[in-house]
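Hi,

Here is the model I said I would pass on.

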Amino acid sequence: MSATNSNPEIAYIFDVDGVLTNLVDREVVDESLINEIIKLLENKIPVGLITGRSIPWVRKNVLDILIEKIKHKMDLKRLMVIGEKGGTWLVFDKHGNSSFRKAKFYISKRLERNIKRVIENKYSDVVQFDDSKRTMITAEMKYGYDLNSFTKKQKEMIQDFQKIILDTKIKNLRVESTSIAVDVESIYFAKPFSIEKFLGFLRKRKIYPKKFITFGDSKSDFEMADELERRGKKVEMIYVGDREKLGEVDKDYPVEYIGGFTKGTLEYLQRQTRILETNATPRAF
């Protein structure tokens, strides 16, 4: 590569659900995806994983496989995992040792108990409570539950959660929905806040990418690219979700619509790998 370690041509940022893992069974569909991310790290390309998932979940379903397969643990120092939309994060030192951090934010135990009670009384057949979260509350669709049926139940669940927040009079919280979950979270934790964390990580490691490529499968994932553009960074968005469900999108930065979810991510990364293997400078297609 012509780029140096401190000046890589590109940094890659991935959402996790639907981009690296399957939305229904929530496991890595193809370890080839992990292999492609390892190739990026081995070529001194920084990688960020940004998700609403907890760090323990990402570790079990993605990181453990990656750590086992990567040959040189020092390559992990260019990887940052940001969980709970910026509430928690994980970084590695030059020896491959991980360090877990969390924001100074706590969910009220009373609020948590009330949310759990509603889940048990009304939605126990639909969702499960995610006990691995440290800075947010998540009701996640049960494994094997029909996705379309969940979408219908989700609207009612959101209303119930919003009423609980109003009743407890806790400020600075919001209720957000994803393809497979309903989250109660701080208004400050979001994809833009996570981007700020990732950029801070790069500065600390003295890594200054010339361009950022973000991957997502939902409309909220565009917030990553939006924030990078707002900060004056050169960015391109790779959208691997369902184009028909996305609606109208008008951006000043390039957007490539691949579709296919995890298969689309793999397809794109394999194209980039072929460029790396011919010692050409990586570029976006």
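Below is what I found, grouped by region.

First, the ground rules. This is a predicted model, so local features need pLDDT of at least 70 and side-chain atom pairs count only at pLDDT 80 or more, while totals for chains, interfaces and linings use all residues. Residues are numbered from 1 along each chain as its sequence is written, and side-chain values use heavy atoms, with hydrogens and water left out.

Let's start with K85. This lysine sits in the loop between β3 (79-83) and β4 (88-92); helices (H or I, at least four residues) and strands (E, at least two) are DSSP runs, numbered from the N terminus. K85 has a positive phi of about 60°, although it is not a glycine. K85 is also buried, at 11% relative accessible area. For that word the cut-offs are under 20% relative accessible area for buried, over 50% for exposed, and partly exposed in between (1.4 Å probe, protein chains only).

What does the side chain of K85 meet in a salt bridge? The partner is E185, at 2.9 Å from N to O. E185 lies in strand β9 (residues 181-186) and K85 in the loop between β3 and β4, so the pair ties together parts that are 100 residues apart in sequence. Both E185 and K85 are buried. By salt bridge I mean a side-chain nitrogen of Lys or Arg within 4 Å of a carboxyl oxygen of Asp or Glu. The pair also belongs to a network of salt bridges that links K85, R174, E176, D183 and E185.

S194 lies in helix α5 (residues 191-204) and is buried, at 0% relative accessibility.N172 is another residue with a positive phi, of about 65°, although it is not a glycine. You will find N172 in the loop between α4 (147-168) and β8 (173-177), where it counts as partly exposed at 39% relative accessibility.

On to the other salt bridges. The count comes to 24 by the rule above. One of them joins the side chains of R53 and D17, at 2.9 Å from N to O. R53 lies in the loop between β2 (47-50) and α2 (55-69) and D17 in the loop between β1 (10-14) and α1 (31-42), so this pair ties together parts that are 36 residues apart in sequence. R53 is buried, with a relative accessible area of 5%, and D17 counts as buried at 14%.

The side chains of E31 and K69 form a salt bridge too, at 3.4 Å from N to O. This pair links distant parts of the chain, with E31 in helix α1 and K69 in helix α2, 38 residues apart. E31 is partly exposed at 41% relative accessibility, and K69 is partly exposed at 33%.

Then there are charges on the surface. K109, R110, R113 and R117 gather in a patch of positive charge. R110 belongs to helix α3 (residues 109-122) and is partly exposed, at 44% relative accessibility. A patch of negative charge is made by E229, E248, D250 and D252. D250 lies in the loop between α7 (243-246) and β12 (255-257) and counts as exposed at 69% relative accessibility.

For the patches, residues need over 30% relative accessible area and no salt bridge; like charges are joined within 9 Å, and nonpolar side chains (Val, Leu, Ile, Met, Phe, Trp, Tyr) within 5 Å. Lys and Arg count as positive and Asp and Glu as negative, with His and the chain ends not counted.

Finally, two distances for scale. I115 is in helix α3 and is buried, at 0% relative accessibility. For L166 and S32, 134 residues apart along the chain, the C-alpha separation is 46 Å. L166 is in helix α4 and is exposed, with a relative accessible area of 66%.

Cheers

Notes. Areas by Shrake-Rupley, 256 points an atom, 1.4 Å probe, with all protein chains shown as cover. Charge placed at Lys NZ, Arg CZ, Asp CG, Glu CD.
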